[in-house]
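Let's look at this chain together, a few questions at a time.

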Amino acid sequence: DVKDVDWSNPSPLSKILQGNASKKVALKLGAIADLTDMNNCFNGCTSLVQAPEIPNSVTNMGGCFDGCKNLTQAPEIPNSVTNMSDCFQNCTSLEQAPVIPDKVTNMGWCFFGCTSLTQSSVIPSSVTKMNSCFSGCTSLTSVTLKCNYPSSTADADAFKDAFGECDSLMANSIKVPADQLQTYKDNAAMMSTTADRFIAE
């Protein structure tokens, strides 16, 4: 229970990682029965270069690898995961995104600041929130979205700034569902991009 966590008293693993900041670390998790929440699990672990295998029971990976600036390869994301908000935020060494499972709904800030990311995986149709998802991904050259743009103006912020500062995205570099093309073009400014970058898949 989060209420019972004493944040001032780090775990033995956290003490080891914090005490050896200059060492590069690859972790392997043992079996953890019924683990569902890995929220902020490795947040700020700058020594982490290789991620552990994520258990199939996990649903929440919000902020899991946030700030892991030496992480070069993402782990396989289990099909159980629904929340990837902030998951790889500021992972500046990450070059390729993992496959995004079909149950993921929240990708807000997921790859924010991943300056080495050149290619994104397909964003599934299940995604309803991707605000600032790729903001600051200055090396990103292409994206494929299977998801619909929010149909309600009340939900428009759900995709706000999704492509802010994505300076390597050129014309026709963001593929979207054909029946959504005009909607995406009309809302390009909300997503901090330009209409000519969208093309029908």
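Q: Which residues do ring pairs link into a cluster?

A: This is a predicted model, where local features need pLDDT of at least 70, side-chain atom pairs count only at pLDDT 80 or more, and totals for chains, interfaces and linings use all residues. Residues are numbered from 1 along each chain as its sequence is written, and side-chain values use heavy atoms, with hydrogens and water left out. Rings of Phe, Tyr and Trp (its six-membered ring) pair if their centres lie within 6.5 Å; planes under 30 degrees apart count as stacked, over 60 as edge-to-face and the rest as tilted. Here, the ring pairs join up a cluster of F42, F65, F88, F111, F134 and F163.

Q: How many aromatic pairs does the structure hold?

A: One of them is formed by F42 and F65, with 5.4 Å centre to centre and 10° between the planes, a stacked pair. The structure holds 10 aromatic pairs.

Q: Are F111 and F134 buried or exposed?

A: Their ring centres are 5.6 Å apart and their planes at 10°, so this pair is stacked. Buried means under 20% relative accessible area, exposed over 50% and partly exposed in between (1.4 Å probe, protein chains only). By that rule, both F111 and F134 are buried.

Q: What is the order of the strands in the open sheet?

A: Strands (E, at least two residues) are DSSP runs, numbered from the N terminus, and two of them pair if DSSP finds at least two bridges between them. The edge strands, each pairing on one side only, are β3 and β5. With parallel pairing, the order of the 3 strands is β3-β4-β5.

Conventions: Helix = DSSP H or I, 4+ residues; strand = E, 2+ residues; numbered from the N terminus.
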